[in-house]
Amino acid sequence: MKIRTRYAPSPTGRMHVGNLRTALYAYLIAKHEGGDFLLRIEDTDQVRQVEGAVDIINRTLADTGLIPDESPDKDGGVGPYVQSERVKAGIYDRYAKELIEKGEAYYCFCDAERLASLTQVVDGKEISVYDKHCLHLSKEEVEEKLAAGVPHVIRQNNPQEGTTTFHDELYGDIEVENKELDDMILIKSDGYPTYNFANVVDDHLMGITHVVRGNEYISSTPKYNRLYEAFGWEVPAYIHCPLIMGEDKKKLSKRSGHSSYEDLIEQGFLPEAVVNFIALLGWSPDSNEEIFSLEQLVKEFDYKRIGRSPAVFDYTKLRWMNGEYLKAMDAETFYQGAEKYLKEAITKDLDLKHIAELCHTRIEIWPDIPDMVDFFEKVPDYDVSMYTHKKSKTNPEIALKILEEELPLLEAQEDFTNDALFDMLKSYSAEKGIKINTALWPVRTAVSGKAVTPAGASEIMEILGKEESLARVRAAIEKLKAES
RNA sequence: GGCUCGUUGGUCAAGAGGUUAAGACGCUGCCCUCUCACGGCAGAAUCAUGGGUUCGAUUCCCGUACGAGCUGCCA
């Protein structure tokens, strides 16, 4: 049998990384076996709709490469793929009525006030269990209220005795007492189905074989099974994925600042790195490999190896992984991505491609670039203590002396390329009988004003050019004189 | 509160009834080096806890603790 999985998001805003990972796993499970991956929009909550959210979903899936085989834009014969449209087609209503006829569901006319009287506060949390009040309404009473247009919902009728067991591919068999199963609402008073009901109906109608979803749905799954059984439908394979937590070990929230895919992209991460990283949050391959393209993941992904315990989202490791992707880029591709950030810091006419290459092995995310190269634009204010460096055997006094000796040499230097400059400075140090480091440290500091730079003294000067380099060295000499 | 699930270094994690308990990020040190980074090498650091079962348990079972999820006309 061909595997069919689906990603069924609600269009309520940005895509949470937990949802993205669920989508990824659903995609991988299907594609690993050559199956179908579908996208279904679950817009049954008319209040929480966010305009443009469907676009975000489409764009995110396109960017990450999780291309659905069937979706609202690509009918595969089991559409529509948007639940609000399915509501209009009367699909849920029809099935809910079927359940009522079978005694597995019933109309409920209880108003908000009565429902409120049922709630109680335990440990500061509001808990409400419906008391089956309307289950006992006679057929005539129901007809009467319906005819009178009394607002109503349709609830599932769960038994009070016995147990229900369902099987999860990862967690095994899970059994619960039926009395724990509340009579959840199937159809809301506005006529829309709840997630729980629409999900079951649509997954069946769309031929979904493996239901991949977050762990938070485990406790409602027994109720799903009762629905499938009431309809006489085959129960799909369930794969409940463990949750992704923030550093605080709580469910990753917006407060973390990186809970959504869009946040991460804005922060300068690459889509491939994000996908790679979240794939490894809760799943591990057979090998020791860690860097995987989507194609490789499709090949390697065995859902049996998905873990059962929650995973903390480690931002630092994501940064490392992003850096690995950056390093693997060829120079041209890297420059394409880096250009915008280089221009944030540099307006002068300098060799940006050359500067980009200096950053290539030194950054983890794009926004690391500006701070690293800003000195090319202008020497920052710095303290002369920066001339003190133990290993290079320098301090402000020594640096002043060396720079004064090197200045005329630099002025006389015709060839301002990296190699030529280095050779010149090297022979200078040899002549003076000092360490090459002692000759280089003062210049590098003088031309950069930084303790750490993405290049050595000679390479920086090559990029800066003779005129600017000399100006900077002269300025440094003045600064050292003034502050000594 | 009830129900359900989970617990291997700081984090992601492999693993198996008997192992020196992999690997990665991070951290520390060393090497390389015109600083830094890259790269290379080395190191510190883990089986929540109490009972069983067993010749032997971190691995199997039960309890406890801790954590999480659910307990919505949200998904």
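Quick housekeeping, then. Residues count from 1 along each chain as its sequence is written, and chains are lettered from A, with ligands numbered from 1, in the order in which they are written. Since the model is predicted, local features need pLDDT of at least 70 and side-chain atom pairs count only at pLDDT 80 or more, while totals for chains, interfaces and linings use all residues.

Okay, overall shape. Chain A has 20 helices and 13 strands; those are DSSP runs numbered from the N terminus, H or I of at least four residues for helices and E of at least two for strands. The radius of gyration is 32 Å, well over the 23 Å that the globule rule gives for 484 residues, so chain A is more spread out than a compact globule. That radius is taken over C-alpha atoms, and the rule is 2.2 Å times the number of residues to the power 0.38. Along the principal axes, the C-alpha trace spans about 110 × 50 × 35 Å.

Now, burial. I call a residue buried if 20 or more other C-beta atoms lie within 10 Å of its own, exposed if 12 or fewer, and partly exposed in between, with C-beta atoms placed from the backbone. On that count, 35% of the 484 residues are buried.

So where are the cores? A nonpolar core here is a set of buried Ala, Val, Leu, Ile, Met, Phe, Trp, Tyr and Cys residues joined through C-beta atoms within 7 Å. The largest has 50 residues, and Leu24, Tyr25, Ala26, Val274 and Ile278 have the most contacts inside it. Helix H1, residues 17-32, brings the largest share of this core, 10 residues. Apart from that one lies another core, of 39 residues, with Ala338, Leu342, Phe375 and Leu421 among them.

After H8 comes Gly232, with a positive phi near 80°.

Most residues other than glycine have a negative phi, and most peptide bonds are trans. Gly79 and Pro80, though, are joined by a cis peptide bond, omega about -5°, and Pro80 sits in the loop between helix H2 (53-64) and helix H3 (83-88). Asp123 has a positive phi near 55°, in the turn of the hairpin that E4 and E5 form with two residues between them. Is Asp123 buried or exposed? Exposed, because Asp123 has 5 C-beta neighbours inside 10 Å. Lys249 has a positive phi as well, about 65°, and with 8 C-beta neighbours inside 10 Å Lys249 also counts as exposed.

Terms used: Two strands pair if DSSP finds at least two bridges between them.
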